[in-house]
Amino acid sequence: MKLKRYKHARKIVSFYKHTFGLREPYQVLVDGTFCQAALKGKIQIKEQLPKYLGAPVQLVTTRCVVAELVALGPQLSGAVFIAKRFQQRVCGHKKSKPATDCIMSLIGENNPHRYFVASQDMALQKLLRDVPGTPLLHIIRNTMVLEGPSDTSHKKAEEVSAAKVQPNSYQKAVLQQLDTAAAIGSEEPKKKGRRKRPKGPNPLSVKKSTKFKHTTNKSNPSELSSSGQKRRMRSQRRKVVALLNQIQAQTHPPNTESTT
């Protein structure tokens, strides 16, 4: 049961830590009613509170809280002794005010100093629940209890998480520039593509011609040269023979008398 209560308290502390930026050591603002309840329940605040929150704490109070306890009479002398052991924060009140007013002046509208408030005053607790990021401690059945986040704190946490998702001013300017560049690029005329010409037949599918092609043997150039010389010599011989026959016919005409 004790471990379960500690885990629950540390879960609540983690919520305030990550959402509202509470830092260690946690500052716990204690009033006179909490000191009196701790005295009756025999609770050692300095020893038990750090174990309960899982982190070092700094117990503080104000001069107005101590003055109110003293004014209530000697029956609260034990609570006065406990409160005087804590550090006193400067509240700025020249004349002592009620502890509720003094504590609310330190908390303000958004608890800038990130105080935990330990009090048994129901009216003060109701006022503090309307201040986002203010953890409340009180004593129930001689046991310190950390109250869960109020509705105001939950709403503020949602706003903080939504703000983290939204782009900042610099990111918005960059996105606007990118949108402008994209709009200009879309207005440019599109380039015409090259017109596709009809393609020829596939050379692999065309049937090869079956006609005989005369091929010359170009492998031996010496044979080609010798065959050409032979042709020239034959033509020269024919010319010489024809010339000799012509000369012979002119020099020895045929004898017609002998025939008669």
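1. Glutamate 147 sits in the loop between E6 and H8. The model is a predicted one. Glutamate 147 counts as buried, because its relative accessibility is 17% and the cut-off for buried is under 20%. Beyond four places in sequence, glutamate 147 touches Ile12, Arg129, Leu136 and His138.

2. The side chains of glutamate 147 and arginine 129 form a salt bridge, 2.7 Å from N to O. This pair links distant parts of the chain. Arginine 129 belongs to helix H7 (residues 122-129), while glutamate 147 lies in the loop between strand E6 (143-146) and helix H8 (151-165). The two residues are 18 apart. Side chains of opposite charge can pair when their charged atoms come close.

3. How many salt bridges does a search of the whole structure find? The search finds 2. Besides the arginine 129 pair, lysine 17 forms a salt bridge with glutamate 24. Here the closest N and O atoms are 3.9 Å apart. Lysine 17 is partly exposed, at 36% relative accessibility. Glutamate 24 is partly exposed too, with a relative accessible area of 43%.

4. Both Arg129 and Glu147 also line the largest cavity. Its volume is about 50 Å³. A search of the whole structure finds 1 cavity of 30 Å³ or more. Other lining residues include Tyr16, Leu128, Val131, Thr134 and Pro135. The stretch Gly148, Pro149 and Ser150 contributes to the lining as well, as does Ser153. By class, the lining divides into 6 nonpolar, 4 polar and 2 charged residues.

5. Next, the open space. The largest pocket has a volume of about 210 Å³. Of the 13 residues that line this pocket, Ile43, Gln44, Ile45, Ile82 and Arg85 are the closest to its centre. Which helices each supply at least two residues of the lining? They are helix H2 (32-40), helix H3 (45-53) and helix H5 (77-84). The lining of the largest pocket divides into 7 nonpolar, 2 polar and 4 charged residues.

6. Gly32, Phe34, Cys35, Gln36, Ala37 and Ala38 are buried in H2. Just after H2, lysine 42 takes a positive phi of about 55°. That backbone angle is worth checking in the model.

7. Aspartate 31 lies in the loop between strand E1 (26-30) and H2. Is aspartate 31 buried or exposed? Aspartate 31 counts as buried, because its relative accessibility is 4%. The side chain of aspartate 31 reaches the backbone nitrogen of phenylalanine 34 at 3.1 Å.

8. The surroundings of aspartate 31 come from several stretches of sequence. Leaving aside neighbours within four places, aspartate 31 is in contact with Val65, Ile103, Ala118, Ser119, Gln120, Asp121 and Leu124. Aspartate 31 and valine 66 are 35 residues apart in sequence, yet 8.2 Å apart in space, C-alpha to C-alpha.

Key:
Residues numbered from 1 in each chain as written. Predicted model: local features only at pLDDT ≥ 70, side-chain atom pairs only at ≥ 80, totals over all residues. Heavy atoms only, no water. Salt bridge = Lys/Arg side-chain N within 4 Å of Asp/Glu carboxyl O. Buried < 20%, exposed > 50% of the residue type's maximum accessible area, 1.4 Å probe, protein only. Helix = DSSP H or I, 4+ residues; strand = E, 2+ residues; numbered from the N terminus. 1 Å grid on protein atoms, 1.4 Å probe; cavity = no way out; pocket = protein on both sides within 12 Å on 5 of 7 lines; lining within 4 Å. Points joined across faces, edges and corners; volume = space filled by probe spheres on them. Nonpolar A, V, L, I, M, F, W, Y, C, P; charged D, E, K, R; others polar. Contact = heavy atoms within 4.5 Å. Polar contact = N/O pair within 3.5 Å; in protein donor to acceptor, adjacent residues only side chain to side chain.
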